[in-house]
Amino acid sequence: MVTKKSLFSWVLECCRGLQFALFIMVLFTVFFRVFPLEMQKRIVNVAIQSRNLNALFVYCGLYIGAVVMAGVLKYFINVLQGYIGQKILYQMRTRIYAHILSLPLAFFRRTPPGMVISSLTSELSGPGDFLGSALAVPVINLLTLITFAGYMVYLNPLLAFLSFAIYPAEILIIPVLQRRYNRLNQERINVTRSMSNAIGEAISGMHEIHGNAGYPIENKKLDTFGSMLFGLRHRMNKNKYLVKFINNFFQSLGPFILFLLGGYLTIKGRLDLGALVAFLSAYEKLYDPWKELMDYYQDLQDSRVRYHQVMSYFDQAPEFLLEPEEPREPYRLQGKIQVSGLDYIVDGDIHILDQISLGLEPGRQLAVVGFSGSGKSTLAMVIGQLYSYSRGHVLFDGMELKQLTKLDVSYNVGYVAQHPFIFDDSILENILYACKSLQLNELLKDEPLPDLARILQVVDEVGLTDDILRFGLNTMLDINRHAALADRLVGVREEFYRQWGSELAEQIEFFDAERLLRNTNMAENITFGYPNRKVWELEQLPANKAFRQFLEETQLTQDLLGLGLELAKQTVSLLEDLQDDQFFFEMSPIPRHEFDLYSALIERLKKAGHQHLPKKELEAVLKLALRFTPSIHKMATLSSSLEHKIIRARHKFYQQMSERDPHAFTFYQPNRYLFTHTIMENILFGHPKADHPRAMEQVQERVVQLLDEQNLLDKVMEAGLAFQVGSKGDRLSGGQKQKIALARLFLKRPRILILDEATASLDNRSQARVQELLKTTLKGRATLIAVVHRLELVRDYDQIVLMKAGKIVEAGQYEELLARKGLFYELAHGE
Amino acid sequence: MNSPTENNAPCVPSERAGQCELDANLDVLRKIPVFSGIPLQRLKLYAYLCKRACYRAGEFIFRQGDADDRGYILLSGSAQVVREYENHSVYLNELRAGEFFGGVALLSDIRRLFSVRATTDVECLTLDRESFRKLLVQFPEVGVKVLDMMIKRIVQMEEKLMQKHVHECVYG
């Protein structure tokens, strides 16, 4: 198992060829590091003393050559080390993550996500960096050290031994300090972890904190960890710098001895000057590899601590095999389920499931009902192989569930939880999740993914069609990818207008060049099109000279400034106290991040009139007016004279632009597709009016009918399937999430279905629809175990079990159970 | 492009000469007992978050069993409160301009106990639960007042119902 691996085993496994190359380079650098010393000696002794210029040039040339070579080699060594380190880190992360994913659910119940995240990101990166240099650094530095030492002995044995004498002292003292450092470091990791958990918890419970004004409590929690960290770090620093001090002290002892003794020997003529210079250089050079070795030692200790801390955290075996040990196709089950004497025990002696026994022939349907907390969900999860069980048996086609691999189970069993998880991706990807993950398996990679027709069929079965249609109709098409579709939609627009134009006129605000559009901002009301160049975008317009000139010509500047000021004044006074919640800014022309700017502007206006506003601020006011959309921004209104002015200006703008730069805008024209608008708005060639809720439904019905007649419905559905659901499916309702989870399940067509209140959030119609599907299409084709809360839904099941406190207390068919007048009867009538 | 119809349709948000929608909403809210106790500066925020909705004669504003999340004030026109049964429905009450109804949905996620159907073309001012709750959280001191009024209303309705029950028990 990956968590049992030792730190160095990663080094030995990874990039062996590269590591060998590294080793060779190291040997060469050592040579190039020592070689200049010998040159130094010869420059002094041979060249300078015998006044030989030629020799001076040769030795200096060799000297610089060696230094450059050493530098170049060092560069390559560093790059290689970095590469190897990152490669190891990459492998380490991937393998540990794969291991973490396979850990039992129980592990994640007690493990905060923050812990897993920090382990995999920051905690591991230290060891990763270290491992890259784990072999090269000690080798290179030890060799250098030995070579220098040897060279010094060769120059003068006595001096050499004296200057080495200080090292053993260091070797004795430093590990003691280091051990203390390690202990502190370990504590630091634990405290940091607890602190990130505390922060994580606070953030996920922010509404509770705000609701209860729990700021002091949370601050205090963090403060505890903060001050502990502060203390630990401080002690660690003291330790670290003490090591540094000792190191430096011993190092500076060296030259002291050298000058004293070396000077004495040279004066006495027992050592030549060249040798002394070389000796001093060598001693100085000795310091580098020594220091690097010391750093290496500290890194090693630090990485060990971090690595073991991470590994011990995840040192747990998965409950089930992911894949068969010997590759084989997954079993294809019939779907017979037998449960006997099943116990699920937690915390020593709490029986969540107590002696459960039941049997189900392939294709039969079982409903599990009971009080909340009776163990229904746990039973479903055990049968779905999400939990392992302590005692008893669960047999699928006579095979013990515990012994089946995850591959077998996921191939044959589909499980939907009450609150299914939706990934941050498109609806399509979410629906295909189960099929795609099976397909990633080597043996199943040839099974085709369901085609669009099949997907749409399942989408319809779970009652998701209307939702997806709505998403589809609200999609903006991409000009590069959907040009053909856009053309056809312009055709639909004409047809829609011909058939329904007059009937639905009051529910739609058409893009009518003679009217002010209440659902459109003032900028587009004036330009009556959308810009294709950046300088013509709304945010740029106030600074756009040509546009400002146009406003002057049409005498709109003053009116718009007046409107902008009114908007600023009203909005600032309205939202002054509400800046902490984005919600209140959804209908405001001032976005939250600009609030302070406008607030300051209003403050200044109170002192001076708006005639004296500087240019930047005038532009800001103008921008607000251009953003004004009458149907959204209720705090201001347009006078009818301004409306007329704007419409007159609109025509003039069209004329001017057609002459000066006809491609700068795509104007709202009945024969053009508008890529800045949704499909729906394009078909309507206008906005549905938001204040007619029923009418909007009607309009949509007509549009769908028309699209169907033109065979374009699938295209719109495709666009709808591409809808991005947001983080955790935030942009979906609870019912939509359940429908997606059900679609995910039905697409896989498993032999065994486990539904844990999987339709609880659905509206009545969709619930009935799914019920019907289970009753007819799936009956006999898949074995079904459904945990059901609403008893009126269990009438058609072949078998019903009623659970209480972990036991099955009643079992039978619906009528039978009612006739017994026991708990089931009570439950049915108590509702 | 030509407009398909030249004049205003029967149900269009009422024209407010020179007055912005927010101020118009504010005037309406001030006349509704549940909201009239709120200081003007705060009431403006309710007015800001309200939305207008139009229904044509015969359309349901909401239906029994719906999980609708809004409270309504009838601005113009009239509507009927109806309780629906499997084969028939019972007419309970007539709503007129200026009445506040469906407010319980602002307090909790409930299903509608009755339907409301427009008898003429109708314009409503509506407030949704999320907005209502956000304001409750932002200004608790105001929230308490509003809740108080809302609950008094509910108690009144219960009382009416109880009396009816007693009536039925004695004579029915």
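Colleague: Leaving aside its neighbours within four places in sequence, which residues is T629(A) in contact with?

Modeller: T629(A) sits in the loop between α23 (615-627) and α24 (640-660) of chain A. Those labels are DSSP runs, helices being H or I of at least four residues and strands E of at least two, numbered from the N terminus. Contact means heavy atoms within 4.5 Å, and with neighbours within four places left out, the partners of T629(A) are R518(A), N519(A), T520(A) and N521(A).

Colleague: Is T629(A) buried or exposed?

Modeller: First, the ground rules: this is a predicted model, where local features need pLDDT of at least 70 and side-chain atom pairs pLDDT 80 or more, while totals for chains, interfaces and linings use all residues. Residues count from 1 along each chain as its sequence is written, chains are lettered from A and ligands numbered from 1 in the order written, and side-chain values use heavy atoms, with hydrogens and water left out. On a scale where under 20% relative accessible area is buried, over 50% exposed and in between partly exposed (1.4 Å probe, protein chains only), T629(A) has 7%, so it is buried.

Colleague: And N156(A), which residues does that one touch beyond its neighbours within four places in sequence?

Modeller: N156(A) is in the loop between α6 (136-155) and α7 (157-164) of chain A. With a relative accessible area of 10%, N156(A) is buried. Its contacts, those neighbours aside, are L265(A), L271(A) and F279(A).

Colleague: What is the phi of A213(A) near?

Modeller: Most residues other than glycine have a negative phi. A213(A), in the loop between α9 (206-212) and α10 (215-267) of chain A, is partly exposed at 44% relative accessible area. Its phi is positive, near 50°.

Colleague: Where in chain A does R749(A) lie?

Modeller: R749(A) is not a glycine either, yet has a positive phi of about 50°. Its place is the loop between α28 (734-748) and β11 (752-756).

Colleague: On to the partner chain: how much area do chain A and chain B bury between them?

Modeller: In contact terms, 35 residues of chain A meet 42 of chain B. F583(A), K634(A) and R694(A) supply 21% of the area that chain A buries there, more than any other three residues. Buried area is the accessible area (1.4 Å probe) that two parts lose on being put together, summed over both. With 56% of it on carbon and sulfur atoms, the total is about 3300 Å².

Colleague: Which side chains meet in a salt bridge at 3.2 Å, N to O?

Modeller: The rule wants a side-chain nitrogen of Lys or Arg within 4 Å of a carboxyl oxygen of Asp or Glu. It finds two such bridges across the interface of chain A and chain B. The one at 3.2 Å joins D577(A) and R42(B).

Colleague: Which element gives the most to the side of chain A that touches chain B?

Modeller: Both α21 (557-575) and α26 (693-709) of chain A supply at least two residues to that side. The top contributor, with four residues, is α21(A).

Colleague: How much of chain B counts as buried?

Modeller: Chain B has six helices and eight strands. From the N terminus, its elements run α-α-α-β-β-β-β-β-β-α-β-β-α-α. Of its 172 residues, the buried share is 41%.
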